[in-house]
Amino acid sequence: MGFSDTFPFLHPVSRQRRLREVITDTFGGQEPHLEGRDSSGLTGKGLVASGSPAWARSQSIFESLPDPFLLLVPEKNPSGSIIDFVCVYANGLASALHGRSPSGMLGARLLDVQPSHGLFDHALQVMEKGQAVVVEGLHGAGHGGPVPSHPPEIRLFLANGLLCCLWREVTDRMAIQQQLVEAERRYRLLARHGSDVVVELDSDHRIIWVSESIETRLGWRPAVLLGQPAIGLVHRDHRGQVLLAGLRLAGPGSFREELRILCADGGWRWMTGTAHSLPREDAGTLMLSFRDIHDQVRIRVELDHRLQHDPLTSLALRSVALDRIRRALDGLEGTGLTLAVLSIGVDGLTQVNDALTHAGGDKLIALLAARIVRAIGHPEHVGRGTGDEFIVLLSEPDAGADVTLTAERILRACRAPVSIGGQPIEPTVSIGIATARAGVLPDELLRDASLAMRQAKGRGRNCYALLDDALATEAHTLLLFAAEIQRGLVMGEFAAWFMPIVAFHTGQVTGYEALARWVRPDGIEVPPADFLPCAECRGLIARIDLLVLRQALAALSRLPPTLTMAVNVSAATLALPDYPQLVAEALQAAGVLPERLHLEVTETALLTITDRIGQQIQQLASSGVRWYVDDFGTGYSSISHLRDLPIAGLKLDRSFTGALRTKDTKSLRLAQALVGVAEGLELDTVAEGVETLEEAQLLSSQGWLHGQGWLYGKAAPLQLDTAPVPL
Ligand code: C2E
Ligand code: CA
Ligand code: CA
């Protein structure tokens, strides 16, 4: 590649150096001078050396230059001072720039070409000092053609005593520079007013620059932060994550993390931090930009919280609590440590709901939740189970020997008196405790705690029970048994059997009592005493009661219309809000008059009834159904109940009848008094457990109207046999 080919692409300074070399090569040590000098000035053909081959080569180089180029010699006055510069050579571009022919340029004076004194003064300086200068911002050069928006840059330098003058168009460069200034201005505006915060860190991750927007976003004055380690602004929860990301970012690249960033007022704001490591010469420095996502994160966190927490108590939902237990159990792996799970049941919530409406019940739950949280000290260790149950997770050391102390503390905290809806109440809870090591399933642990809680309720409430091995086995058996009952119900193994009730003075059967029976596929008859407690505590009793009710009414529809049917109702069934409706539907389905149905409620169940249940009893009584108090004489029921509730009759508990057999005078007198009460209130009476004729006679003589017992028949599937039994 030839010299002249590469020449135009050289940097202006290099180009200037090469030109100097070319001129020195051409003229050697000679002083160049002009030919054809006349009186009017310099009009000759050019340089002396113009004929030489060196000059011809130089000229072709000058012509190939991308810039206008002049060679000038100083013009001096007689006293030797330079008064102007005379052009001894101009390339085509220079001639065009000044609107003359190349020969017309010869002899032209610098002050003609560039009328301002500026360039002349610079030229003088170059002559004096021998150093090149770059002159910018001089207008005036050029004739014709479009005026450039920026005056060209003029380079003046000396070569072999000749003044070289090189014009360079700077419009493009100036435009680029202008764009840079503009970009910088926009960037500054963005940095100051934009929503993002931009931070530059050195290789030690100290802040070396921070955008002014940090003041609006986070309240920091940028100057305060300069030189500070950037990690100090990151919440400690995210520091590990940031350091890890930093390690990943050892080379050029970027990462994005959601972080809480410290505000000047000590608060925290959620921001996404995006980091870019800078390449090459800035290696090690990091550019971070932070976008404020505080509101988005807050909404997201709130939503998560709502999905995972009970709105009433703000406690974690059962699934979340289970998950925490699972994680805690996983954490015990290989440690030999234990943890405890407490199942806390609110005592008598149904009664509170009935007495104070559900809003009152909710208030009680929320109050107890707060009391339990306070007693435990860690809200995140307390969860809301199903219904009235709370779940507490205790890790070591609380899970060790202290667990019972914690349970006692909870019991004490919960039973402080409180007024809800203007009603003073003393709430209590029952606590079940189950402990476990790693390897136990959280579901099982929670189930064990719930079973222990029921055990505590069974022991009289307001206490705790530890799930010991015996209890665990018992609880397990109970669970299996409940599953068995459920299966039996589905398979239709439950049925109503009937026991006759007889009028003492006629010996005629006046009706029957329906009693639940479970006849298993293997033929074993399971008595109610065996399955009722389990059905009651596993919530299956209402299904059994309703099944017996429907079967009993169906049977009654096939009996003479003078006969009645007694059906037992447990407290849980009675509490069903649609119980009156269910009874009405069953009566209608069987086509039986309500008056023929006797509903038996035990004296003990009557003690727990609330106003709402009282209203249901009233409603059914109004429809014609007759209410009987079962097991009368055993449950300390107040006479006021008999007066206030629409009771039609009393059933003397069979323990009295048994006592008559042994001639227990106290029971005898009590039975006498009870029949007196019934007579006073004009109630029907039935004496249960009559096994002998003698008992029947005695009870009849006391005034009892009806008898029921083995003397008249055991419970059996219905046989339409109503033959009178002699007294
Ligand atoms: P209960 O309502 O007091 O029923 C009378 C129980 O005494 C029946 O026991 C009956 O077989 C028994 N019995 C009656 N006469 C005699 C007698 O002369 N001698 C002896 N030794 N026992 C006699 P059963 O059928 O085992 O029922 C036990 C309890 O189970 C019932 O006592 C009742 O409280 C409950 N029960 C039975 N069926 C149902 C039901 O469908 N729903 C509910 N909620 N409870 C039921
Ligand atoms: Ca009964
Ligand atoms: Ca009874």
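Colleague: What counts as a cavity here, and what volume does the largest cavity have?

Modeller: A cavity is a set of grid points where a 1.4 Å probe fits but cannot get out. The model is predicted, and the structure holds one cavity of 30 Å³ or more. The volume of the largest cavity is about 50 Å³.

Colleague: Which helix and which strands each supply at least two residues of the lining of the largest cavity?

Modeller: The lining includes Ala 321, Arg 324 and Ile 325, as well as Val 382, Gly 383, Ile 391, Val 392 and Leu 393. By class, the lining residues divide into seven nonpolar, two polar and two charged. The elements that each give at least two residues are helix H13 (318-331), strand S15 (382-384) and strand S16 (389-394).

Colleague: Which element gives the largest share of the shell around ligand 1?

Modeller: The shell has 20 residues, with Met 499, Ala 516, Asp 545, Arg 654 and Glu 691 the closest. Eight of the shell residues are nonpolar, four are polar and eight are charged. The largest share is four residues, and the element they come from is S22.

Colleague: How much of the area that ligand 1 exposes when taken alone does the protein bury?

Modeller: Polar atoms of the protein lie beside ligand 1 at several points. A polar side-chain atom of Glu 691 is 2.7 Å from a nitrogen atom of the ligand, and a polar side-chain atom of Asp 631 is 3.3 Å from an oxygen atom of ligand 1. A polar backbone atom of Trp 710 is 3.0 Å from an oxygen atom of the ligand. Taken alone, ligand 1 exposes 790 Å², and the share of that buried by the protein is 84%.

Colleague: Which elements give two or more residues to the shell around ligand 1?

Modeller: Strands and helices both take part. The strands are S22 (509-519) and S26 (626-632), and the helices are H18 (528-537) and H19 (541-556).

Colleague: Which residue bridges the calcium ion (ligand 3) and the calcium ion (ligand 2)?

Modeller: The calcium ion (ligand 3) and the calcium ion (ligand 2) lie 4.1 Å apart.

Note on methods
Residues numbered from 1 in each chain as written. Chains lettered and ligands numbered in written order. Predicted model: local features only at pLDDT ≥ 70, side-chain atom pairs only at ≥ 80, totals over all residues. Heavy atoms only, no water. 1 Å grid on protein atoms, 1.4 Å probe; cavity = no way out; pocket = protein on both sides within 12 Å on 5 of 7 lines; lining within 4 Å. Points joined across faces, edges and corners; volume = space filled by probe spheres on them. Nonpolar A, V, L, I, M, F, W, Y, C, P; charged D, E, K, R; others polar. Near = heavy atom within 4 Å. Polar contact = N/O pair within 3.5 Å; in protein donor to acceptor, adjacent residues only side chain to side chain. Areas by Shrake-Rupley, 256 points an atom, 1.4 Å probe, with all protein chains shown as cover. Donors = N, O, S within 2.8 Å, 3.2 Å for Na, K, Ca; no water.
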